[in-house]
There are 2 protein chains.
Amino acid sequence: MSVVHTYSDNEKILVSIDCIIFGFDQNQLNLLLFKRKIDPFKGEWSLVGSFVNPEEDVQNAAVRVLQEYTGIDEIFMEPLAWYGDVDRDPGGRVISMAYYSLVRIDESKVIKADSYQAKWFAIDEIPPLILDHDQMVQDALDKLRRKARYEPIGFELLPEKFTLPHLKRFYDAIYQKDLDRRNFRKKIISMGILTKLDEKDKSTSKKGAYLYQFDADKYEELRSKGFNFVI
Amino acid sequence: MSVVHTYSDNEKILVSIDCIIFGFDQNQLNLLLFKRKIDPFKGEWSLVGSFVNPEEDVQNAAVRVLQEYTGIDEIFMEPLAWYGDVDRDPGGRVISMAYYSLVRIDESKVIKADSYQAKWFAIDEIPPLILDHDQMVQDALDKLRRKARYEPIGFELLPEKFTLPHLKRFYDAIYQKDLDRRNFRKKIISMGILTKLDEKDKSTSKKGAYLYQFDADKYEELRSKGFNFVI
DNA sequence: TCAAAAGTGTTCAAGTTACACCCATGT
DNA sequence: ACATGGGTGTAACTTGAACACTTTTGA
């Protein structure tokens, strides 16, 4: 009994990955969508995805797709969920694994928007998507909201240098409410994971707001001592 | 261009599910393991699993396996993660999706322990497992610990009727520390999701401890009003 | 000079932690 | 009668929520 043939009685299935790509501009959470290039549903709005090759790790398929479509090398990406119902795709039996990823819109200019007909959509203006992609987006949003509370992943969506009002607008968007400016400041500053810079950003006010940077090393150091990020 | 043949250029892959089955006795978190019946690694300790049939939903494959091996119909089960590296299984390219599930040990007597050589292992006495099953167990443990804090899933592991000391022992085991008896009581009782019964359980003390039941309806009602379970 | 956003401190309520003694009962 | 685990209350502390005024500067 050869090992190689051990599993040969079992039937194989098509496997794909889909990527939910979030961005954040000054006020709004955004989602990157593409016009589908293959049938069925050719020309309709869709997440980006790809079939998984038998010779590549599932995760590599996602990295490959994200690089190809956003042009970004080091992209924040996490597994979300799989979608495995028999009839989820009228094109055939396909099990899809979804990754959500967070990108800085300002770094992703390299997206081949023209050739792929890619477009950023504000989160409350997303058009109907193919298959169960609406569900995937909803699941990704839920996960992002939950995760943003307990881990400093919001910084993945902001520019390297950001102002506290900008950061607050991110949490306002995530929570769909207006946090108290003073309490927010107090809390985030007291964590000691931000570095205040001497520069100001004047793009949203005359007075200008100080720029800050997220200190990932400091965060790791604190975390190893039991610190928990919570907003 | 027929829809059915749209995806036919792409290669299929073997897909399986694996189940991490947790139980809890009086003091210990336990894991149900089985001796593997097929090569490679025949006879070694393993999670239960199965290949996914092209005609069944992924989730149904997990339900099928859990029913078959534990004899329990309505089992608590949630998706955990997928494991998709090319070389994770020397028997062939197999992508596995793992579900973790919580069972009441007292309800699972029907497990066909003899024919399957199944055995409950205390969580700190788990033997080496095949493939990446050790990793799966670790991931499931992490998820269970995180989840047990914010959702009342601990009750899935306890008998229908349980004492507060018993419940506390569950959280002690999860957190690996000794919570304060009085504060624990105060907190869990004040949530208003437990029903106190008139019976006592004397199996662990002479005085006996009152039995309680989890009130799922009440919990749902409170949750819809914004209540958050946190221990 | 004024409109618009940025920055700052204090008070109060609520929740969490720490902690010590009595109760019931089987042996 | 005593050892063992079960049950209860209170005070100190920490954390989160609410809230108003001053500063800067471009137009």
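Which element gives the most to the surface near DNA strand D? The answer is α5(A), with five residues. The legends below describe close-up views of a predicted model.

**View 1. Surroundings of DNA strand D.** DNA strand D is surrounded by 20 residues, and the closest are Arg182(A), Arg181(B), Arg182(B), Arg185(B) and Lys207(B). Two or more residues of this surface come from each of α5 of chain A, α5 of chain B and β10 (209–214) of chain B. By class, the surface near DNA strand D has 13 charged, four polar and three nonpolar residues. Sugar or phosphate accounts for 40% of the atoms of DNA strand D within 4 Å of the protein, and bases account for the rest.

View 2. Arg182(A) has a side-chain N or O atom 2.9 Å from a base nitrogen of DNA strand D. For Lys207(A), an N or O atom of the side chain is 2.9 Å from a base oxygen of DNA strand D.

**View 3. Surroundings of DNA strand C.** Of the 20 residues around DNA strand C, those that come nearest are Arg181(A), Arg182(A), Arg185(A), Lys186(A) and Arg182(B). At least two residues of this surface are supplied by each of α5 (181–191) of chain A, β10 (209–214) of chain A and α5 (181–191) of chain B. The element that gives the most to the surface near DNA strand C is α5(B), with five residues. The residues of this surface comprise 13 charged, four polar and three nonpolar. Among the atoms of DNA strand C within 4 Å of the protein, 43% are in sugar or phosphate and the rest in bases.

**View 4. Side chains of both chains at the bases of DNA strand C.** From chain A, Lys207(A) places a polar side-chain atom 3.2 Å from a base nitrogen of DNA strand C. From chain B, Asn183(B) has a side-chain N or O atom 3.0 Å from a base nitrogen of DNA strand C. Lys207(B) has a side-chain N or O atom 3.1 Å from a base oxygen of DNA strand C.

**View 5. Interface of chain A and chain B.** In this interface, 41 residues of chain A contact 41 residues of chain B. About 3,500 Å² is buried between the two chains, with 66% of it on carbon and sulfur atoms. Within chain A, the residues that lose the most area to chain B are Tyr7(A), Pro54(A) and Trp82(A), together 24% of what that side buries. Across the interface there are 17 residue pairs in polar contact, and zero salt bridges are found. On the chain A side, β1 (14–24), β5 (76–83) and β6 (94–102) each supply at least two residues. β6(A) provides the largest share, five residues. The side of chain A that touches chain B has 25 nonpolar, six polar and ten charged residues.

**View 6. The Trp82 pair between the chains.** The structure holds 28 aromatic pairs over all chains. Trp82(A) lies in strand β5 of chain A and Trp82(B) in strand β5 of chain B, so the pair joins two chains.

**View 7. The salt bridge of Arg88(A) and Asp132(A).** Over all chains, the structure holds 22 salt bridges. In one of them, the side chains of Arg88(A) and Asp132(A) meet at 2.7 Å, N to O. Arg88(A) lies in the loop between β5 and β6 of chain A, and Asp132(A) in the loop between β7 (119–122) and α3 (133–150), so the pair ties together parts that are 44 residues apart in sequence.

**View 8. Backbone geometry in the loop between β2 and β3.** Most residues other than glycine have a negative phi, and most peptide bonds are trans. In chain A, the peptide bond from Asp39(A) to Pro40(A) is cis, with omega near -10°. Pro40(A) is in the loop between β2 (29–35) and β3 (45–46) of chain A. In chain B, a cis peptide bond joins Asp39(B) and Pro40(B), with omega about -10°. Pro40(B) lies in the loop between β2 (29–35) and β3 (45–46) of chain B. Phe41(B) is found in the loop between β2 and β3 of chain B. Phe41(B) is not a glycine, yet has a positive phi of about 70°.

Technical notes
Residues numbered from 1 in each chain as written. Chains lettered and ligands numbered in written order. Predicted model: local features only at pLDDT ≥ 70, side-chain atom pairs only at ≥ 80, totals over all residues. Heavy atoms only, no water. Near = heavy atom within 4 Å. Polar contact = N/O pair within 3.5 Å; in protein donor to acceptor, adjacent residues only side chain to side chain. Helix = DSSP H or I, 4+ residues; strand = E, 2+ residues; numbered from the N terminus. Nonpolar A, V, L, I, M, F, W, Y, C, P; charged D, E, K, R; others polar. Contact = heavy atoms within 4.5 Å. Buried area = accessible area lost by both parts, 1.4 Å probe. Salt bridge = Lys/Arg side-chain N within 4 Å of Asp/Glu carboxyl O. Phe/Tyr/Trp six-rings, centres within 6.5 Å; stacked < 30°, edge-to-face > 60°.
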